[in-house]
Amino acid sequence: MASKSHKNSTTTTTTATAASTMDVEKIFHMNGGVGQTSYYNNSSLQKKGSDKVKHVTLETIEQVYVSTNPRSLGIADLGCSSGPNTLSNIKEIVETVGKTSRHLLLPEPEFRVYLNDLPTNDFNAIFQALPDFYCDLKKERNHAGPSIYVAAYPGTFYGRIFPDNSLHFIYSSYSLHWLSKVPPGLYDAQGEPINKGSIYITERSPPEVSKAYVDQFNVDFSLFLRLRSEELIVGGKMVLIFLGRETPLHIDRGNSFFWELLTQSFSTLISQGDVEEKKLDSYDVHFYAPSKEDVEEAVKREGSFVLERLEMFEIEKEVGDINGGGMKMSYGRRVAMAVRAIQESMMTHHFGGAIVESLFEEYGRLVDQEMAKQEIQPITFGVVLRKI
Ligand code: SAH
């Protein structure tokens with residue numbers, strides 16, 4: 001990570017910023033394939049979250065379809081990853097438009113479906129699922145399925161991805177809480193990390209830390225909105241599902257709590273001599289859970305979209321759940337497996353791969369221990385935006 005090279009050198013903040021942008025794009029990816037630690041088998045919590053706002057997603061695509069009635073409907077999933085969630089969502093979107101067109105006696109459009117993620121994503125895992133996806137869609141319509149063209153567009157969503165005015169609907173779930181980079185403001189003028197002993201905003205963090213995160217969110221989110229406004233037609237809509245926080249306070253009982261437990265797992269490894277304290281000091285996640293106000297203000301300031309809806313909800317805990325790989329495990333272990341599938345690439349790059357197993361074992365144990373005392377769930381936002 002940028003922080004690593006930054007820490008050991010006297011380079012300026014500007015140099016470090018550029019390096020961190022590059023690093024996230026090159027290194028960050030969900031665990032690929034379909035094995036035990038893959039995102040494919042550890043994304044059921046995200047599925048549960050997206051399912052809770054599915055009615056909003058489907059209502060929104062229906063509105064866009066009815067109001068624009070195109071011959072060719074352009075849909076994108078940003079941060080699609082390599083799990084089963086992307087195609088199952090697309091399937092429901094396509095079916096909803098199909099039903100609406102039959103109901104209104106309109107000709108069914110052709111579907112252009114664009115799957116986006118970072119270039120390091122395991123797109124092959126999705127491509128391999130495409131024959132079954134096409135087959136399922138056709139089966140339900142007596143072999144007379146819709147015309148659907150699926151393509152992958154690799155690249156960061158903090159850059160342009162699609163041609164001008166080519167999309168009607170953009171969907172993104174559990175991706176936008178990822179910033180474009182580790183905020184450069186987490187380092188002082190000498191290149192020293194200021195968030196020592198924490199990997200996200202914690203009670204120990206100096207106030208500059210939350211400011212660094214908010215600043216990066218503001219830059220990233222408004223860039224995201226501007227770029228998407230160029231790609232969407234007027235009247236096109238976005239459904240964005242991402243982690244957020246309940247109040248304007250930075251330390252919440254949701255997301256910051258889970259990062260704090262991960263920091264505590266590192267402390268155990270440090271006390272065992274498995275991780276150097278300095279290594280932890282220079283590690284921060286490129287993540288930010290915005291407040292409702294953060295989102296509202298950013299949308300207003302940027303000006304290309306109207307915020308039509310913002311819903312906040314929790315994903316309830318399930319006890320004795322089975323993960324996507326058919327393994328029965330405690331809630332803490334499931335959370336640990338989910339976070340591992342997401343964070344392993346970045347952590348291995350910074351700390352080396354040797355600690356990953358024991359780190360996430362400890363993390364799962366801590367989550368279970370804390371959950372036994374108090375039930376804490378991450379907060380998710382479901383946001384609908386219309387391009388004006
Ligand atoms: N939408 C899927 C996957 C969520 S995991 C689901 O709901 O299950 C988050 C995904 O966002 C990852 O695959 C990650 O690579 C992707 N992502 C994060 N930052 C990104 C960026 N800047 N551009 C494109 N994709 C990004």
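This report describes the sheet, a helix packed on it and the ligand site of a predicted model.

## Basis of the model

Residues are numbered from 1 along each chain as its sequence is written. Because the model is predicted, local features need pLDDT of at least 70 and side-chain atom pairs count only at pLDDT 80 or more, while totals for chains, interfaces and linings use all residues; side-chain values use heavy atoms, without hydrogens and water.

## The sheet

Seven strands form an open sheet with mixed pairing, in the order β3-β2-β1-β4-β5-β7-β6. Strands are DSSP runs (E, at least two residues) numbered from the N terminus, and two of them pair if DSSP finds at least two bridges between them. β3 (148-154) and β6 (305-314) are at the edges with a single partner strand each, so one side of each has no neighbour in the sheet. From one strand to the next, the twist averages 15 degrees (axes are lines fitted to C-alpha atoms, for helices over the stretch in contact; angles run from 0 to 180 degrees between N-to-C directions).

β6 pairs with β7 (residues 379-387) in the antiparallel sense over nine bridges. F313 has T380 in β7 as its bridge partner.

## The packed helix

Helix α4 (residues 54-68) packs on the sheet and touches β1 (72-78), β4 (167-173), β5 (232-244), β6 and β7. Helices are DSSP runs of H or I with at least four residues, and contact means heavy atoms within 4.5 Å. The direction of α4 makes about 175 degrees with that of β5.

## The ligand site

Around the ligand are 19 residues, of which Y39, G79, N85, D117 and S173 come nearest (a residue is near if one of its heavy atoms lies within 4 Å).

A nitrogen atom of the ligand lies 2.9 Å from a polar side-chain atom of T156. A polar backbone atom of F157 is 2.9 Å from a ligand nitrogen atom. Polar contacts are pairs of N or O atoms within 3.5 Å.

Notes:
A polar contact is a pair of N or O atoms within 3.5 Å; within protein, one must be able to donate a hydrogen and the other to accept it, and residues adjacent in sequence count only if both atoms are side-chain atoms.
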